[in-house]
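Hi,

Here is the structure I promised to pass on. Have a look at it, and then read my notes below.

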Amino acid sequence: MTAQFENIALGKTGIQVSPMGLGAWSWGDRTMWGYGRGYTEDDIRAAYDVSLAAGINFIDTAEVYGMGRSERFVGMFLPDSPEPLIVATKFFPFPWRFTKGALKHALRNSLERLNLERVDLYQIHWPFPPVPIETWADALADVVEAGLARAVGVSNYNEEQMRRAYATLAKRGVPLASNQVEYSLLDRKVEMDGLLKACQELGITVIAYSPLAKGMLSGKYTPEKPAPGLRGRKYNRALLENIQPLLRLMREISRQHDGATLAQVALNWCLCKDTLPIPGAKNARQAQDNAGALSWRLTDAQVAELDEVSAKLV
């Protein structure tokens, strides 16, 4: 399959990535996603292969996804990749990690699992205390200078926290490439609170995780048939009933684009908002569906319609 899109810049780093990535949160994760109960390592490998064949060159993982299993899967698959892949992973600031050196140590462990000498994007997973934002940002600059990471970013940072990290890195001559946040038609907080605008102002790429609201925007789940496990607790029957007007509009729009799927409409909306969505894929079918969002675009009027209806839900 030939890519039908142009790559985009990752912040101001000069790194070029596909406009949509592949999220590997579910790879090996049993708590949220139920790895081993409905999908296997072979399914994950198929999702990886289909995504790369579609031209997707950016994959996002983390040390805590599947307690390291996600990174190991990526490390297993990378040697067989036909084209170079842009790999992102994350550092989790556990409360027992007190010093800058903890970040470098964690990155070296991630690199070992990933089978890499350096990672393309290294991110702080959450802005947890007690260590200050500035300390971890300074540690990110250290790993860039050490040649262990090409670029650095943050995740789940609000505007004030992000600006502090940005300023600390700027003093070291390192750009803040990205802020990875939850963003979808069912979660537009970063759009409403000014974070999205601030990222655009500073040249920071917004990486949108859970762009399908953990599957709720795929149309797969209904009030009568909610998602299993933890997802079903968050997106309960009442919420699923509440989002039906949005899903009806998405179905109407999908029919106007040669039968595009609901997932593709949801992902396309994220693309139209100038974000970099990273939907997960547990099998080849999901990966193929996700990639189908890259070959077309919603009209401005359709984006406005989706904005109006979803604003009543978020």
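Predicted model: local features only at pLDDT ≥ 70, side-chain atom pairs only at ≥ 80, totals over all residues.

**Helix packing**

Two packed helices are described by the angle between their axes and the distance between the axes. There are two such pairs to show you, and α2 takes part in both.

Start with helix α1, residues 41-53, and helix α2, residues 69-77. Their axes are 11 Å apart and the packing angle is about 60 degrees, which makes α1 oblique to α2. If you care about handedness, the α1/α2 crossing is right-handed. On the α1 side the contact is made by E41, I44, R45 and Y48, and on the α2 side by F73, M76 and F77. Sorted by type, the residues of this contact come out as 5 nonpolar, 2 charged and no polar.

Next, α2 with helix α3, which covers residues 100-114. Here the angle is about 45 degrees and the axes are 7 Å apart, so α2 is oblique to α3 as well. E71, R72, V74 and G75 of α2 meet S110, R113 and L114 of α3. This contact divides into 3 charged, 2 polar and 2 nonpolar residues.

**Two buried strand residues**

I124 sits in strand β6. Is I124 buried or exposed? Its relative accessibility is 1%, and buried means under 20%, so I124 counts as buried. Leaving out residues up to four places away in sequence, I124 touches F91, P93, L103, W136, L140, G153, V154, S155 and Y157. Have a look at F92 too: F92 and I124 are 32 residues apart along the chain, yet their C-alpha atoms are separated by 6.4 Å.

T205 belongs to strand β9, residues 205-209. At 11% relative accessibility, T205 is also classed as buried.

Most residues other than glycine have a negative phi, and most peptide bonds are trans.

- P129 and P130 are joined by a cis peptide bond, with omega about 10 degrees. You will find P130 in the loop between β6 (119-124) and α4 (133-145).
- K214 is not a glycine, but its phi is positive, about 55 degrees. K214 lies in the loop between β9 and α8 (229-234), and with a relative accessible area of 9% it is buried.
- D274, not a glycine either, has a positive phi of about 60 degrees. Look for D274 in the loop between α11 (262-272) and β10 (276-277). Where K214 is buried, D274 counts as exposed, at 62% relative accessibility.

If you want an order for browsing, I'd go from the contact of α1 with α2 to the contact of α2 with α3, then to I124 in β6 and T205 in β9, and finish with the cis bond between P129 and P130 and the positive phi values of K214 and D274.

Cheers

How values were computed:
Residues numbered from 1 in each chain as written. Heavy atoms only, no water. Axes fitted to C-alpha atoms, helices over the stretch in contact; angles between N-to-C directions. Helix = DSSP H or I, 4+ residues; strand = E, 2+ residues; numbered from the N terminus. Parallel < 35°, antiparallel > 145°, perpendicular 65-115°, else oblique. Left-handed = near helix turned anticlockwise from the far one by under 90°. Contact = heavy atoms within 4.5 Å. Nonpolar A, V, L, I, M, F, W, Y, C, P; charged D, E, K, R; others polar. Buried < 20%, exposed > 50% of the residue type's maximum accessible area, 1.4 Å probe, protein only.
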